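Here are a few notes to read alongside the model. Have it open and find each spot as you go.

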Amino acid sequence: MPTPRMSVSTKPQKGRRTFFLKPRDMNLRELTWLLITICYLTSQSLADDGDFMEEFLKREYSLVKPYRGLGFSSSSQWDLMGTAMVTPDHVRLTPDLQSRQGAVWSRIPLLLQDWELRVQFKVHGQGKKNLNGDGLAIWLTRDRMKNGPVFGNMNHFSGLGIFVDTYPNDDKTHDRTFPYISVMLGNGTLSYDHDRDGRSTELGGCTAMARNSVYDNFFLVRYSKNQLTLMVDVDGKQEWRECADITGVRLPTGYFLGASSATGDLSDNHDIISMKLYELTVERTPQEAEEGEVVTIPRVDNMEQFQVEVEEEGMSGVQLFFTLLFTVVGLVVLGVVGLIVYGRWKENKRKRFY
């Protein structure tokens with residue numbers, strides 16, 4: 001007996017129900033409404049959140065492969081200093097040799113109000129643990145291209161320093177494990193205490209086992225609404241771990257980004273793989289916008305060590321010279337005029353007697 005052939009119609013007929021289409025239509029409709037609801041609720045949540053931020057990579061402030069715009073030409077955006085050298089894979093600040101200093105500095109002042117800096121770095125060498133040094137630093141400072149004792153940069157700096165310290169100089173204190181990443185804000189008068197690993201001026205920090213690591217090493221610095229946040233990713237989990245969070249930080253604009261390193265009796269290779277600077281678009285209330293101030297000296301609110309008096313700048317040598325010159329010329333002119341007036345007065349007096 002031949003098998004009966006079933007005809008399936010895609011058009012609904014009177015008295016017949018097409019069950020194979022209705023469930024699918026309902027699923028599509030439900031999924032569509034669900035997506036619309038999620039998008040609406042998400043947009044409302046973001047709109048109500050005053051801390052919502054968008055980020056945009058600013059290439060003029062960033063240092064990434066293949067490291068174009070870095071060198072000694074007039075068109076370069078970054079300068080090399082000391083032992084720093086460029087390779088296809090990284091910018092090596094110092095090699096694994098004793099008594100070396102190297103740095104790389106941006107030529108363009110940072111004028112952004114809210115920003116985020118992501119740094120990928122590598123510290124490695126032949127020395128055993130605690131027989132290596134000294135570490136590297138990332139800077140945002142008023143002065144650039146200055147040698148000095150603070151990881152290859154000047155002391156008494158004005159601005160922000162992020163230190164990746166790999167050697168414990170204060171071996172009597174066992175309150176932390178090295179390598180250690182810390183934050184310091186300088187106002188031009190504070191001094192970094194190298195012998196105590198900067199404890200007296202540290203605003204926050206954490207241990208980060210970044211030396212001779214098999215993983216990629218990153219840290220992130222975010223500055224927004226006078227809040228500075230430091231986060232690290234050094235254990236291969238590809239997750240940011242909070243390292244420091246400081247509120248009330250006041251940073252001027254117009255400072256320069258840089259990275260430096262130094263070795264002493266102990267050494268390591270200190271490499272910068274990338275420095276990516278993002279502009280943050282932050283929503284502010286009208287009151288926050290009005291309360292914005294022009295910061296001239298870095299400080300942290302409610303911290304006595306940052307309460308410094310702003311002294312008026314004295315005159316430069318050129319200004320002093322012209323001031324004295326115009327004063328002397330003015331006195332000479334007044335003397336000549338005085339002599340002329342006196343001569344005429346004397347002559348008129350003499351005529352009266354004749």
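**Notes on the model**

1. Pro-179 sits in the loop between strand 8 (158–165) and strand 9 (180–187); strands are DSSP runs of E with at least two residues, numbered from the N terminus. A cis peptide bond, with omega about 5°, links Phe-178 to Pro-179.

2. Before going on: this is a predicted model, where local features need pLDDT of at least 70, side-chain atom pairs count only at pLDDT 80 or more, and totals for chains, interfaces and linings use all residues. Residues are numbered from 1 along each chain as its sequence is written, and side-chain values use heavy atoms, leaving out hydrogens and water.

3. There's a cis peptide bond between Lys-65 and Pro-66 too, again with omega about 5°. Look for Pro-66 in the loop between strand 1 (53–57) and strand 2 (78–82).

4. Now for Gln-238, in the loop between strand 12 (227–233) and strand 13 (241–247). Its phi is near 55°, a positive value in a residue other than glycine. Is Gln-238 buried or exposed? Gln-238 counts as exposed because its relative accessibility is 72% (exposed means over 50% relative accessible area, buried under 20%, partly exposed in between, with a 1.4 Å probe and protein chains only).

5. Asn-302 has a positive phi as well, near 65°, and is exposed at 80% relative accessibility. You'll find Asn-302 in the loop between strand 17 (299–300) and helix 3.

6. Val-282, in strand 16 (residues 269–282), is buried because its relative accessible area is 14%.

Technical notes. Helices (H or I, at least four residues) and strands (E, at least two) are DSSP runs, numbered from the N terminus.
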